[in-house]
Amino acid sequence: VWGWGFDPFERLHVIDHGDLAIDYGSPIEVVGMIERQFATIHAQGVATLMLGGDHFCTYPVLRSLAGQIGRPLSLIHFDAHSDTWPARDGQVDHGTMFWRAAQEGIIDPARSIQLGIRTNNRDTLGFTVLSAEEVDRMSAEDVAARVAEVVGDNPAYLTFDIDFLDPAFAPGTGTPVAGGIGTVKTFGILRRLAGLDIRSADVVEVAPAYDTSDVTALAAATVGLHCLALIAAQRG
């Protein structure tokens, strides 16, 4: 893999688990359905790379993984949006799920970081936040060093909303926001996260139907490959 010096598929036994089974007639039960299926996977002691899909899907995966590890996770969150807006009773969607995860104690905001944010939300909940402008000004090395400083040796989950990227690089998403980061810098940051205890990851909010050129799918697939390499780097 470019920039890594090794093939992650030579270090990892990778399988395609396929799509999860969802009962579309019972939408209120979807979170539990996803959590139970991931719990079965995580109980085997394996890492997962989820490809999506609505970003709220990260929430049940976090619940599963934190339950398996037995402690709050650090969240490494690439996104244009904070996704920490307060939820009403029973509400969970792609703008509230990390507020709920913090309230439930499955992630530790003090050891979590959000990168690329460029929408307004004054309440950080204790997360370290690097705006898109800050990420753009900093070198890839400095961004990764800041992530490592915040996360430390805590078990971490990496979630990558494709709208972290500027729409020029990823137009195929539901809520694109101008002023994002390019792929060269993004991949440089991801490579430099090697050494962190990243237990699982996801790439979400990819909507190929909104992109006639497939550039979004290509970017997302490459982000996913870097996520696999980050997991494989721990097993070298």
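1. Alanine 80 counts as buried, because its relative accessibility is 0%. The structure discussed here is a predicted model. Alanine 80 belongs to the loop between S2 and H3. Apart from neighbours within four places in sequence, the contacts of alanine 80 are Gly116, Ile117, Arg118, Thr119, Asp163, Phe164 and Val177.

2. Histidine 94 is partly exposed, with a relative accessible area of 34%. When neighbours within four places in sequence are left aside, histidine 94 is in contact with Asp54, His55, Phe56, Asp83 and Glu205.

3. Aspartate 83, a contact of histidine 94, lies in the loop between S2 and H3 as well. Its relative accessible area is 3%, so aspartate 83 is buried. The backbone deserves attention at this position: phi of aspartate 83 is near 60°, a positive value in a residue other than glycine.

4. A positive phi also occurs at leucine 125, a residue other than glycine, where the value is near 60°. Leucine 125 is placed in the loop between strand S3 (113-117) and strand S4 (128-131). With a relative accessible area of 22%, leucine 125 is partly exposed.

5. A further backbone feature concerns a peptide bond. Glycine 52 and glycine 53 are joined by a cis peptide bond, with omega at about 20°. Glycine 53 sits in the loop between strand S1 (49-51) and helix H2 (58-69).

6. Two helix pairs may be described in turn. Helix H6 (residues 183-191) packs with helix H7 (residues 215-233) at an angle of about 15°, and their axes are 10 Å apart. H6 is therefore roughly parallel to H7. Their crossing is right-handed. On the H6 side the contact involves Thr183, Phe187, Leu190 and Arg191, which meet Ala219, Thr222, Val223, His226 and Leu230 in H7. The residues of this contact comprise 5 nonpolar, 3 polar and 1 charged.

7. The other pair brings together H6 and helix H5 (residues 140-151), whose axes come within 8 Å and cross at roughly 40°. H5 and H6 are therefore oblique to each other. The crossing of H5 and H6 is right-handed. Here Ala140, Val143 and Ala144 in H5 meet Lys185, Gly188 and Ile189 in H6. By type, the residues of this contact divide into 4 nonpolar, 1 polar and 1 charged.

8. Helix H7 also contains threonine 216. Threonine 216 has a relative accessible area of 0% and is therefore buried. Residues up to four places away in sequence not being counted, threonine 216 touches Ile162, Phe169, Ala170, Pro171, Gly172, Val206 and Asp211.

9. The last point concerns the cysteines. A disulfide is a covalent bond between the sulfur atoms of two cysteines. The count of disulfides in this model is 0, under a rule that asks for a pair of cysteine sulfur atoms within 2.5 Å. For cysteine 57, the closest cysteine sulfur is that of cysteine 227, and the distance of 16 Å is too far for a bond. The search from cysteine 227 leads back to cysteine 57, again at 16 Å and too far for a bond. Cysteine 57 is buried, its relative accessible area being 16%. Cysteine 227 likewise counts as buried, because its relative accessibility is 2%.

Methods. Residues numbered from 1 in each chain as written. Predicted model: local features only at pLDDT ≥ 70, side-chain atom pairs only at ≥ 80, totals over all residues. Heavy atoms only, no water. Axes fitted to C-alpha atoms, helices over the stretch in contact; angles between N-to-C directions. Helix = DSSP H or I, 4+ residues; strand = E, 2+ residues; numbered from the N terminus. Parallel < 35°, antiparallel > 145°, perpendicular 65-115°, else oblique. Left-handed = near helix turned anticlockwise from the far one by under 90°. Contact = heavy atoms within 4.5 Å. Nonpolar A, V, L, I, M, F, W, Y, C, P; charged D, E, K, R; others polar. Buried < 20%, exposed > 50% of the residue type's maximum accessible area, 1.4 Å probe, protein only.
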